[in-house]
Every structure is written in structure tokens, then in C-alpha cells.
Amino acid sequence: MRILCLGDVVGSPGRELLTKRLMAYRHERRIDFVVANVENATDGSGVSLASYKALRAAGVDVCTTGDHVFKRADVLKIFEREPERLLRPHNYPKEAAGRGVTTVVSDKGVPVSVMNLQGRVF
């Protein structure tokens, strides 16, 4: 099982790169599953529904976030529609929308668990 974990996808340059290259890279490197941090995917802060859809279509299997997760209101729609594919930090309060842990079955039929944690400083 080959898993690719991508750091911060920032704005349209990050989304465009993944849109153009991720599928070919997955095929070339025989990558089975992709996790990407998308908390800055829309204009450098937060993730919109349109950006999320573009990244999923580009080949990202699970999207993680961080402290900018609630920057845009339409993130709540994503949590409602695909709660297993977009994660907020697991160490946020239980009352916060979304979830921080998921298990998704890869295209090969192998379950992959992802946990999203946010570090704290100060």
C-alpha cells in the first residue's frame, strides 16, 4: 500500500498543480491513497466547496484541515455531505462540526484510517 501525504495546498497555484499533475503522479508512482491538507486551498485561507470538489476530482482521497477550517461557511456543507472525506482537527471540542478521524476504503479495497490532530503553541 502506497500512501502520499501532502502538506498545505495553498490557493489556486496549489489546486492547479494537483489538478494538472496528481492523477499522472499517482499512476507513475503507483500511489494507492492520497491525503492532503487543504485548510488554505481557497485564496490562501480556508476551503470552499468548489475548491474541495476540485481537489477530490484531482485525486485527493481525504482532506485534512487546521486552524482555518471554519474560515468559510460552506465548509459546513462539506461536513454534511462527505463527513468521511474532510477532517477538522480531532482535538477540537466535540461540539465542533465535522470529525477528526475517518476510515475510508481505498480503490484496492484496503481500509485506510486517517486522524487529523492540530498542535498547540502558547
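Predicted model: local features only at pLDDT ≥ 70, side-chain atom pairs only at ≥ 80, totals over all residues.
Setting aside neighbours within four places in sequence, L87 touches V62, C63, T64, T65, F79, R99, G100, V101, T102, V114 and N116.

**L87 and its surroundings**
- L87 belongs to strand β4, which covers residues 86-87.
- With a relative accessible area of 0%, L87 counts as buried, because buried means under 20%.
- Among the contacts of L87 are V101 and T102, and strand β5 spans 101-105.
- V114 is also one of the contacts of L87, and strand β6 runs over 111-115.
- Between L87 and K108 there are 22 Å from C-alpha to C-alpha, at a separation of 21 residues in sequence.

**Helix α1**
- Helix α1 takes in residues 11-29, and its 19 residues reach 25 Å from the first C-alpha to the last.
- That span is close to the 27 Å expected at 1.5 Å a residue.
- If you follow the helix along, you will find a kink of about 50° centred on R21.
- The buried residues of α1 are G11, G14, R15, L18, L22 and R26.
- These buried residues pack against β1 (3-10), β2 and α2.

**Two residues with positive phi**
- Just after α1 comes R30, with a positive phi of about 55° although R30 is not a glycine.
- R30 sits in the loop that links α1 to β2 (33-40).
- At 62% relative accessibility, R30 counts as exposed, because the cut-off for exposed is over 50%.
- D43 also has a positive phi, near 55°, and is a residue other than glycine.
- The loop between β2 and α2 (49-58) is where D43 is found.
- D43 has a relative accessibility of 68% and so counts as exposed.

**A nonpolar patch on the surface**
- Which residues form the nonpolar patch on the surface? They are M1, I3 and V110, with about 260 Å² of accessible area together.
- I3 lies within β1 (3-10), while V110 is in the loop between β5 and β6.
- V110 counts as partly exposed because its relative accessibility is 34%, which falls between the 20% and 50% cut-offs.

Terms used: Residues numbered from 1 in each chain as written. Heavy atoms only, no water. Helix = DSSP H or I, 4+ residues; strand = E, 2+ residues; numbered from the N terminus. Buried < 20%, exposed > 50% of the residue type's maximum accessible area, 1.4 Å probe, protein only. Expected span 1.5 Å × (residues − 1). Bend = angle between axes of the 7 residues up to and from the residue. Contact = heavy atoms within 4.5 Å. Patch = residues over 30% accessible without salt bridge, like charges linked within 9 Å, V, L, I, M, F, W, Y side chains within 5 Å. Areas by Shrake-Rupley, 256 points an atom, 1.4 Å probe, with all protein chains shown as cover. Salt bridge = Lys/Arg side-chain N within 4 Å of Asp/Glu carboxyl O.
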